[in-house]
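The following points concern the architecture of one chain and its interface with a partner chain.

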Amino acid sequence: MSWLAIAAAGALGAVARFLISQTAMQRLGTRLPWGTVLVNVSGALAAGVVTGLVTEALLPAALGRVVAGGFLGAYTTFSTAMVETLQLRERAGSAAAIAHLLAESLAALAAAGLGWWLVVGVA
Amino acid sequence: MLPARPRHVALVAVGGAVGAVARVALAEARPLSPGELPVVTLLENLTGAFLLAVLLTVLGRRSVADSTVRLLVGTGVLGSFTTYSTHSVELVVLLEVGARWLAGGYLAVTLVGGLLAAAAGMSLGRRLTPQAAGARSADPGGDP
């Protein structure tokens, strides 16, 4: 049963990523891969919150596994971020690609840390 | 309002379910000890980056892009098999237990390894589709 929940959460997460990426492409253009940045940073923030809640025993570990592992793991993506970084390098050069990679990565780390701290720091 | 057709959403959903179950199953087959390098997430992300680069390069070089495979396997399975959120939380946990050097190393190996894996995947993808090499003016792999 729990694997069914992981599968369903993974399906929802992937679809949410797909729809947000498409909408971001239409509204913000394709100069930068805004959709992937948006899902990765927001997903990291949410994963920080969920992990903090499980750590503080405010959320059952089994539910945290479905939300963080199933939904948020599928909602965020590393493979697309890497391919997009290489595509950016072809369009805009190595400096822009490295800046994009570091900005996305550090923003996701900061978001996860913020989410964690918001729960564990307050609890 | 939503630009995606239902068939596209269904393909991404099915692939996303498969990718998520595979990722979580691998992670739970080898649980992470506190202060340890998250090897499973690292390997999942590098493998997924490599495979996605192969797939998109091969599909991008065909005259008609196969959106079914791209959405099911690319956006769905491989997008969902790899993760940024778990990686970021693992970094936070490493920093939380004071393993700063390990966290820095994990971040560096993930990013550098991810780029190298994707570049290797693109390279392999090009080799798998040599017949299209001269047919395109904008060759993504060629010199400017």
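1. Helices (H or I, at least four residues) and strands (E, at least two) are DSSP runs, numbered from the N terminus. On that basis the elements of chain A run α-α-α-α-α from the N terminus on, with five helices and zero strands.

2. This is a predicted model, in which local features need pLDDT of at least 70 and side-chain atom pairs count only at pLDDT 80 or more, while totals for chains, interfaces and linings use all residues. Residues are numbered from 1 along each chain as its sequence is written, chains are lettered from A and ligands numbered from 1 in the order in which they are written, and side-chain values use heavy atoms, with hydrogens and water left out.

3. The C-alpha trace of chain A spans about 45 × 30 × 20 Å along its principal axes. Of its 123 residues, 49% count as buried (under 20% relative accessible area, 1.4 Å probe, protein chains only).

4. At the interface, 47 residues of chain A are in contact with 49 residues of chain B (heavy atoms within 4.5 Å). The two chains bury about 3800 Å² between them, 76% of it on carbon and sulfur atoms; buried area is the accessible area (1.4 Å probe) lost on being put together, summed over both parts. In chain A, F18(A), F78(A) and L86(A) lose the most area to chain B, together 18% of what that side buries.

5. The count between the chains is one salt bridge (a side-chain nitrogen of Lys or Arg within 4 Å of a carboxyl oxygen of Asp or Glu). E28(B) forms a salt bridge with R65(A), the closest N and O atoms being 2.4 Å apart.

Conventions. Buried means under 20% relative accessible area, exposed over 50%, partly exposed in between (1.4 Å probe, protein chains only).
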